[in-house]
Amino acid sequence: MSADLTRLSAAALADALAAGETSSVEATQAHLDRIAAVDGAVHAFLHVSADEALATAADVDARRAAGEDLHALAGVPIAVKDVVVTKGLPTTAGSKILEGWVPPYDATLVERIRAAGLPILGKTNMDEFAMGSSTEHSAYGNTHNPWDLDRIPGGSGGGSAAAVAAFEAPLAIGTDTGGSIRQPGAVTGTVGVKPTYGSVSRYGLIAMASSLDQAGPVTRTVLDSALLHELIGGHDPLDSTSIADPLPSLVEAAREGATGDLTGVRVGVIRELQGEGYQPGVLARFHESLDLLRAAGAEIVEVSCPHFEYALGAYYLIMPSEASSNLAKFDGMRFGLRVVPDDNPTAERVMAATRGQGFGDEVKRRIILGTYALSAGYYDAYYGSAQKVRTLIQRDFDAAFAQADVLVSPTAPTTAFKLGEKLDDPLAMYLNDVATIPANLAGVPGLSLPNGLDDGLPVGFQVLAPAKADDRLYRVGAALETLLEKEWGGPLLAQAPELETR
């Protein structure tokens, strides 16, 4: 069975482990072998922790053999985005300024992963400090899309999405500040979920924009995302923004949705998130998916969110402002890189030299923009106004959810573009997140799942739900997944070209 282990969903692998059909050591080694074979081409990982992963796997196997009651995902390997701190494993946030830093503690979600017995395969590549939509802004080189190695895997979490799409890991952790889980999911044919803000602890995430950042699952199926989401979610007293309410039953919702019955569910189509700027094939797949939902018993209604057209502008004031504040700690004094000038190395000159060499161009661009927006005389005009727009977007969501149980749109306006194609045009790059950003501004949950191909490249379908109603994502997402796979004769990733191995 070992030859097929990397192709199993996390749920199927968990069942095989529980039934004694394979061992965690065998499954973990199979994924490590896959990483060794293909990651030279994909570059999804920045660090592979083979010894630790195999030790965790052996411990799980021993505990299972002793008859211990284990978590459903115990023994299933996982990859973690390099913006999430991991005790004893390097954590760089894709930046030279943190090169070689090994945290002394675990993020809360990593503690939960370790406690459940999931072997951590390693840390995945990302745009530096999660700033980007293509994983081309990593200080450690590009990640490549497994569907076409000349194309981007999305960003900022392209490493996690590419690892799952390339069968290097059945599960991964991503973070989503403006779409960095969902947009990579769309362009790599994977499932990505941004939970309700505050429902998964942010303690131990290297912050970019604290009011927007949210960790979540990256997987190959909707059920796998539900299983991982339930594991990492829930209240955390170490996170001041953590929601005290328990998570709804996400796995139960996914299993219910997998029946393909959506009778009585109202699905709202967001008028402002389609049309001009969207690739014709993306829109065609979107409307085909709507037809499937309608045939499954859902009521399709059109809703308007008129302030969504200002979401991109508001986001690119709020996010850089918060990033400017959060990144001030990287000063060359306390941890990470320190560059000491040869002449007159004052504290101010050391900070300037360290930041000059340690930060990449995109990070510098956003810090400058955010610092300007927060400066005296401009705060109200820029940051304050953007926060007012954020309130209007939240009100748009409230009005739309009064008419529909979930809202839907394409996840991204285009399929994966060529590496380097938009690198010199930041505004064109920012437009990739036009459909995902509103959910972050409002704190509502969102899910992206693959819903077809356009010219041989994956397309994503986005489902949004009210805050704390993440279960709705899983019911609708699982239903659409079931209906699509009946048409395709199996998962979309089965149609991906096979990567050349070493």
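Guide: Let's start with S95, which sits in the loop between β2 (78–81) and α4 (108–116); helices (DSSP H or I runs of at least four residues) and strands (E runs of at least two) are numbered from the N terminus. This is a predicted model, in which local features need pLDDT of at least 70 and side-chain atom pairs count only at pLDDT 80 or more, while totals for chains, interfaces and linings use all residues. Residues are numbered from 1 along each chain as its sequence is written, and side-chain values use heavy atoms, leaving out hydrogens and water.

S95 has 0% relative accessibility and therefore counts as buried (buried is under 20% relative accessible area, exposed over 50%, partly exposed in between, with a 1.4 Å probe and protein chains only). Setting aside residues up to four places away in sequence, S95 touches E128, F129, A139, Y140, G358 and F359; contact here means heavy atoms within 4.5 Å.

Now for the annotated residues. The unreviewed UniProt entry lists K81, S156 and S180 under "active site"; such positions follow the numbering used here, feature names are shortened, and annotations may be inferred rather than shown by experiment.

S156 lies in the loop between β3 (120–124) and α5 (158–165). With 0% relative accessibility, S156 is buried. Beyond its neighbours within four places in sequence, S156 is in contact with both other listed residues, K81 and S180, as well as with N125, M126, D127, A130, M131, G132 and T135.

S180 has its place in another loop, between β4 (171–175) and α6 (182–188). Its relative accessible area is 7%, so S180 is buried. Its side chain reaches the backbone nitrogen of S156 at 3.0 Å, a polar contact (a pair of N or O atoms within 3.5 Å, one able to donate a hydrogen and the other to accept it, where residues adjacent in sequence count only if both atoms are side-chain atoms). Not counting residues up to four places away in sequence, S180 touches K81, A130, G132, G155, S156, G157 and T175.

S201 is in the loop between β5 (191–194) and β6 (215–219), and at 0% relative accessibility S201 counts as buried. Its side chain reaches the backbone nitrogen of Y203 at 3.0 Å, and a polar contact of 2.6 Å joins the side chains of S201 and D236. Outside the four places on either side in sequence, S201 touches T108, L109, D236 and D239.

Next come the helices. Helix α7 (residues 222–232) has 10 of its 11 residues buried, so α7 is largely enclosed by the rest of the structure. Among those buried residues are V222, L223, D224, H229 and I232. After α7 comes G234, with a positive phi near 110°.

Helices α10 (residues 311–326) and α12 (residues 361–374) have axes that come within 7 Å and cross at roughly 100° (axes are lines fitted to C-alpha atoms over the stretch in contact, and angles run from 0 to 180 degrees between N-to-C directions). That makes α10 roughly perpendicular to α12, a label for angles of 65 to 115 degrees, with under 35 being roughly parallel, over 145 roughly antiparallel and the rest oblique. Where the two helices meet, the α10 residues include Y316, L317 and P320, and those of α12 include R366, I367 and L374.

Finally, compare two residues further along the chain. F461 belongs to strand β11 (residues 457–464) and is buried, with 0% relative accessibility. Leaving out residues up to four places away in sequence, F461 touches F286, S289, L290, L293 and L480, among others. From F461 to L419 there are 42 residues in sequence and 23 Å in space, C-alpha to C-alpha. K468, in the loop between β11 and α16 (470–488), counts as partly exposed at 47% relative accessibility. Apart from its neighbours within four places in sequence, K468 is in contact with T196, I243, D245 and P248.
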